Amino acid sequence: VSLLLRLRRPGPPPTCAGERAPARAAQRHALYRTEERGWPRSLVYRVFFKNVAGHYISPFHDIPLKVDSKEENGIPTKKARNDEYENLFNMVVEVPRWTNAKMEIATEEPLNPIKQDVKNGKLRYAANIFLHKGYIWNYGALPQTWEDPHQKDKSTNCCGDNDPIDVCEIGSKVLSRGEVIHVKILGILGLIDEGETDWKLIAINVNDPEASKFHDIGDVKKFKPGYLEATLNWFRVYKVPEGKPENQFAFNGEFKNKAFALEVIKSTHECWKALLMKKCNGGAINCTNVQVCDSPFHCTQDEARSLVESVSFSLNKESDEEDAEQAWYFLGK
Ligand SMILES: *[C@@H]1O[C@H](CO)[C@@H](O)[C@H](O)[C@H]1NC(C)=O
């Protein structure tokens with residue numbers, strides 16, 4: 001039963017990966033919309049993705065990593081130089097800034113909707129650790145990337161965390177869950193989370209009013225003083241309220257620059273390709289997709305629709321988890 005159905009922003013029709021959508025003049029709308037099922041703060045809540053033709057897609061596999069150089073947010077642009085397109089990526093927003101619910105792409109479910117992470121039967125929330133309120137950036141992932149848990153990263157010497165690569169979007173707007181935006185990559189932090197490599201990209205929404213000032217990691221230090229230090233501290237302590245030790249970092253917690261970040265994206269994209277082509281062990285990851293036509297996991301639009309429709313949602317009352325979002329932690333020195 002679809003309890004909630006919210007459609008967002010129509011746009012131009014879909015294409016298979018590889019095919020190119022014709023550039024549209026003055027096309028004002030986003031290319032993707034979301035459809036919510038179940039209630040937020042419940043175990044059954046899911047956010048499915050659709051393309052503009054209204055067909056279900058996977059945000060993990062079917063949204064291209066790179067932004068088509070002919071258009072920017074649907075609007076053809078001449079202002080960006082070609083080399084700037086090398087640095088434009090799609091980002092799927094999972095967690096809006098200053099919220100707590102740990103929403104993420106469900107990598108093990110068909111069509112990979114966004115859902116709230118669950119641990120020991122309970123919904124997970126990021127703690128408010130003085131002076132932070134929830135997530136301190138718009139947080140999400142780059143589609144078509146995967147940190148392979150069977151492959152040792154050459155700079156961290158730890159295997160991947162089995163997820164698409166994470167992004168901290170540092171722009172001034174609070175974005176919404178399920179939004180697909182275009183970001184410029186600025187740098188990267190090598191988090192070692194419980195022994196797994198968990199890269200955190202630092203990026204900015206290209207439509208941010210200040211985006212043109214940001215080109216590399218040094219600009220974050222310059223124009224948003226304290227933000228990188230706060231980011232490092234956030235990742236260091238975020239699991240401490242759950243009784244876990246502080247996290248470690250590659251490179252002693254140094255943020256690497258844009259060039260380094262682009263190399264990491266490239267290698268995680270290669271891992272994702274191997275995954276979709278069934279050239280490596282994907283474990284429980286669900287690779288069902290509708291637009292990667294040469295993948296053995298490719299399915300038709302009709303099959304995708306029946307996959308979504310076969311997921312049943314019990315009427316599940318909103319759970320009372322407000323405490324988790326208001327609890328405050330002071331960890332001291
Ligand atoms: C993904 O989900 C579909 C539908 O439930 C299933 O048929 C398939 O085996 C799953 N696994 C992979 C690897 O795609």
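W98 counts as partly exposed, because 14 C-beta neighbours lie inside 10 Å of it. On the scale used here, a residue is buried if 20 or more other C-beta atoms lie within 10 Å of its own, exposed if 12 or fewer, and partly exposed in between, with C-beta atoms placed from the backbone. The place of W98 is in the loop between β4 (88-95) and β5 (103-105), and its phi is near 70 degrees, a positive value in a residue other than glycine. Helices (H or I, at least four residues) and strands (E, at least two) are DSSP runs numbered from the N terminus.

The model is predicted: local features need pLDDT of at least 70, side-chain atom pairs count only at pLDDT 80 or more, and totals for chains, interfaces and linings use all residues. Residues are numbered from 1 along each chain as its sequence is written.

Another positive phi, of about 70 degrees, belongs to L111, which is not a glycine either. L111 is found in the loop between β5 and β6 (114-116). L111 is buried, with 25 other C-beta atoms within 10 Å, whereas W98 is partly exposed. A further backbone feature is the cis peptide bond that joins F130 and L131, with omega about 0 degrees. L131 lies in the loop between β9 (128-129) and β10 (138-141).

The loop between β8 (122-123) and β9 holds A126. This residue is buried, because 23 other C-beta atoms lie within 10 Å. Leaving aside residues up to four places away in sequence, A126 touches N100, K102, G134, Y135 and Y238; contact requires that two C-beta atoms, placed from the backbone, lie within 7 Å. A324 is 198 residues from A126 along the chain, yet the C-alpha atoms of A126 and A324 are separated by 8.2 Å.

The protein chain as a whole has six helices and 16 strands. Of its 333 residues, 39% count as buried. Among contacts with a separation of 6 or more, 70% are between residues 24 or more positions apart.

In soluble globular proteins, nonpolar side chains tend to be buried together. A nonpolar core is here a set of buried Ala, Val, Leu, Ile, Met, Phe, Trp, Tyr and Cys residues joined through C-beta atoms within 7 Å. The largest such core has 60 residues, of which M91, V183, L201, I202 and A203 touch the most other members. Strand β12 (residues 180-193) gives the most to this core, with eight residues. Apart from it lies another core, of eight residues, including L275, L276, I285 and C287. The contacts of A203, not counting residues up to four places away in sequence, are M91, V167, E169, V183, K184, I185 and L186.

What surrounds β12? This strand is largely enclosed by the rest of the structure, because 11 of its 14 residues are buried. Strands pair if DSSP finds at least two bridges between them. With strand β13 (residues 196-205), β12 pairs in the antiparallel sense over 10 bridges, and in this pairing L189 stands opposite K200. β12 and β13 form a hairpin with two residues between them, and E194 in the turn has a positive phi of about 50 degrees. β4 also pairs with β12 in the antiparallel sense, over five bridges; N90 has H182 of β12 as its bridge partner. Two bridges join β12 to strand β15 (residues 256-257), again antiparallel, with G187 opposite N257. Strand β14 (residues 248-249) runs antiparallel to β12 and is joined to it by two bridges; there F249 is the bridge partner of L191.

The ligand is surrounded by P110, G282, N286, C287, T288, F297 and L307, where a residue is near a molecule if its C-beta atom, placed from the backbone, lies within 6 Å of it. This shell divides into four nonpolar, three polar and no charged residues. Ala, Val, Leu, Ile, Met, Phe, Trp, Tyr, Cys and Pro count as nonpolar, Asp, Glu, Lys and Arg as charged, and the others, Gly among them, as polar.

The last topic is confidence. pLDDT is the predictor's confidence in each residue, from 0 to 100. Its mean over the protein chain is 87, and 83% of the residues reach 70 or more. Over residues 1-28 pLDDT stays under 50, and the model has 60 contacts beyond four places in sequence for them. Where pLDDT is low, the predicted coordinates should not be read in detail.
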